[in-house]
Amino acid sequence: MPDAEKYETLVLGSGEAGKWTAWTMADEGHRTAMVERKWLGGSCPNIACLPSKNVIYSARVASLVRRGAEFGLEMDQLRINMAGVQQRKRKMVEAEHQFHAKRTADAGVELIMGEGRFVAPRTIEVALNDGGTRRIVGERVFLDLGSHSTMPNLPGLAGANPMTHIEALDLDRLPRHLIVIGGGYIGLELAQAIRRFGSDVTVIEQHAQLAEREDPDVGAALLDLFHDEGIEVLVSTHVSRVEGHSGKEVRVYAKDGRGERIIEGTHLLVSVGRTPNTKGIGLEQVGVELDERGYIKVNDRLETTASNVWAMGDCAGSPQFTHVAYHDFRVVRDNLKGGNRTTKDRIVPFCMFTDPELARVGRNETEAKRDKIEYRVAKLPMVNVLRTHTIAEPRGFMKMLIGKDSDEIVGFTAFGIEASELMGAVQTAMVGRLPYTVLRDAIFAHPTMAEGLGSLFSNVPPRAVQ
């Protein structure tokens, strides 16, 4: 066994929370090692957030070109060059990689590429990617292990070698017919993009609506969007088995209330959720407990059940967004400096980058009813926002939940063009604990999407007379 090398800071995983922890600790003069299995910077800049939005935007441009006549533009032909789409994406990813490598080196972080496994408290043995092993011990250990795509235990699925988002984002050739199992954020974003590039697409969702955690009106609006784009959507449909091989020919056996049917395609994408990367690395043996779903147990300061070990991001059960992982880092960083920050009651924004976008912050109606929160609701069709007339993007709506007996903003949902930017304005008000009337009475520039917030808030029903 190699002798243990001692560091003040040991970071396992270089995702959003991990890299910022390593960079910050090293910048402050702490001897820091960061262990990463494959992708420096984690999923977001390499295989997830940024690459997916890059490809999705190329698909949006293709959609706009097809609508050229609507804007008085005449074009003879559109040809999709997936190699060119991938070249654009890979150029961005390479620039991100170079940034991360330089930032890591400039900070003085020792980057160790390999797979780590705990062999003693705060001690890991790393199987190096280029051969050999190293044993690393840290005075403080920070876990940013991430997660991976869940693969259901369905007969024939593993043998079909289905794609996850990783392979789907790296397609150099278009599928003739893509079948997507899962109607959540990732599945819907990629289904729409691949359809806009020219493939036939079928989405299979076991729940009664798409984006099943959202309100029924959101699910219905997404269904209308997908139908209008020529995407076949099967809801309340359960997959029983799979035959064939993704990339050649695949058959999915599915059953709904009308019986069983077979969906035939050339490619299969599975997107039914995420599983934390916590199994098989010795966590339980060194006092880091997991919950029943495999996530690391943490308190609201992200401390694990082991002394001087913290967990952040997906593996800690935090909402699976890069912006949340960064906030996890800030909570831990500030507490190490004597602060008292927690993850309790934080306001987390959500955004799905379909076109148009779906964005939400705070509770939706489903959650408010579940939590027995009484509310008033205001809703405004996007077509009532004059900006949508100028850009021919009238689809969707905004919805605001306001306290029944107060002016508190309970939640905001927007489905429409630039929804994420509208959400940001409302989130700022919520963070500042401003009553909705402050935004209602504000002056927003004309014609902008934000101008619609004034109209929305003017529709809030009055409080009930006591």
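Is Arg463 buried, partly exposed or exposed? Arg463 is partly exposed, with a relative accessible area of 42%; here buried means under 20% relative accessible area, exposed over 50%, and partly exposed in between (1.4 Å probe, protein chains only).

The model is predicted: local features need pLDDT of at least 70 and side-chain atom pairs count only at pLDDT 80 or more, whereas totals for chains, interfaces and linings use all residues. Residues are numbered from 1 along each chain as its sequence is written, and side-chain values use heavy atoms, with hydrogens and water left out.

## Arg463 and helix α13

Arg463 is found in the segment after α13 (451-458). Helices (H or I, at least four residues) and strands (E, at least two) are DSSP runs, numbered from the N terminus. With neighbours within four places in sequence left aside, Arg463 is in contact (heavy atoms within 4.5 Å) with Arg376, Lys404, Asp405, Ser406 and Asp407. Two of these residues also take part in polar contacts. A polar contact is a pair of N or O atoms within 3.5 Å; within protein, one must be able to donate a hydrogen and the other to accept it, and residues adjacent in sequence count only if both atoms are side-chain atoms. A polar atom of the Arg463 side chain lies 3.5 Å from the backbone oxygen of Asp405, and the side chains of Arg463 and Asp407 make a polar contact of 3.3 Å. Ala414, 49 residues from Arg463 in sequence, is 23 Å from it in space, C-alpha to C-alpha.

In α13 itself, the buried residues are Gly452, Leu453, Gly454, Leu456 and Phe457. These buried residues pack against β18 (375-381), β19 (397-403), β20 (409-416), α11 (419-431) and α12 (436-440). Helix α11 contains Gln427, which is buried at a relative accessible area of 18%. Beyond its neighbours within four places in sequence, Gln427 is in contact with Ile347, Pro349 and Val361.

## Helices α1 and α8

The axes of helix α1 (residues 16-27) and helix α8 (residues 322-336) come within 8 Å and cross at roughly 35 degrees. Axes are lines fitted to C-alpha atoms, for helices over the stretch in contact, and angles run from 0 to 180 degrees between N-to-C directions. The crossing of α1 past α8 is right-handed; a crossing is right-handed if the near helix is turned clockwise from the far one by less than a right angle, and left-handed if anticlockwise. On the α1 side, Glu16, Ala17, Trp20, Thr21, Thr24 and Met25 meet Thr322, Ala325, Tyr326, Phe329, Arg333 and Leu336 of α8. The residues of this contact divide into seven nonpolar, three polar and two charged. Ala, Val, Leu, Ile, Met, Phe, Trp, Tyr, Cys and Pro count as nonpolar, Asp, Glu, Lys and Arg as charged, and the others, Gly among them, as polar.

## Aromatic pairs

Rings of Phe, Tyr and Trp (its six-membered ring) pair if their centres lie within 6.5 Å; planes under 30 degrees apart count as stacked, over 60 as edge-to-face and the rest as tilted. By this rule the count comes to eight aromatic pairs. Two of them are tabulated below.

| Pair | Centre to centre | Angle between planes | Class |
|---|---|---|---|
| Trp20 and Tyr326 | 5.6 Å | 75 degrees | edge-to-face |
| Trp23 and Phe99 | 6.1 Å | 85 degrees | edge-to-face |

Trp20 lies in helix α1 and Tyr326 in helix α8, so their pair ties together parts that are 306 residues apart in sequence. Trp20 is partly exposed at 27% relative accessible area, and Tyr326 is partly exposed at 27%. The other tabulated pair links Trp23 in helix α1 with Phe99 in helix α4, 76 residues apart. Trp23 is buried at 1%, whereas Phe99 is partly exposed at 44%. Ring pairs link Trp20, Trp23, Phe99, Tyr326 and Phe329 into a cluster.

Helix α4 (residues 82-107) also holds Gln86, which is buried with a relative accessible area of 1%. The side chains of Gln86 and Lys89 are joined by a polar contact of 2.9 Å.

## Backbone features

Most residues other than glycine have a negative phi, and most peptide bonds are trans. The peptide bond from Asp355 to Pro356 is cis, with omega near 5 degrees, and Pro356 lies in the loop between β16 (349-352) and β17 (357-362). Another cis peptide bond joins His446 and Pro447, with omega about -5 degrees. Arg122 has a positive phi, near 55 degrees, in the loop between β3 (110-120) and β4 (123-128).
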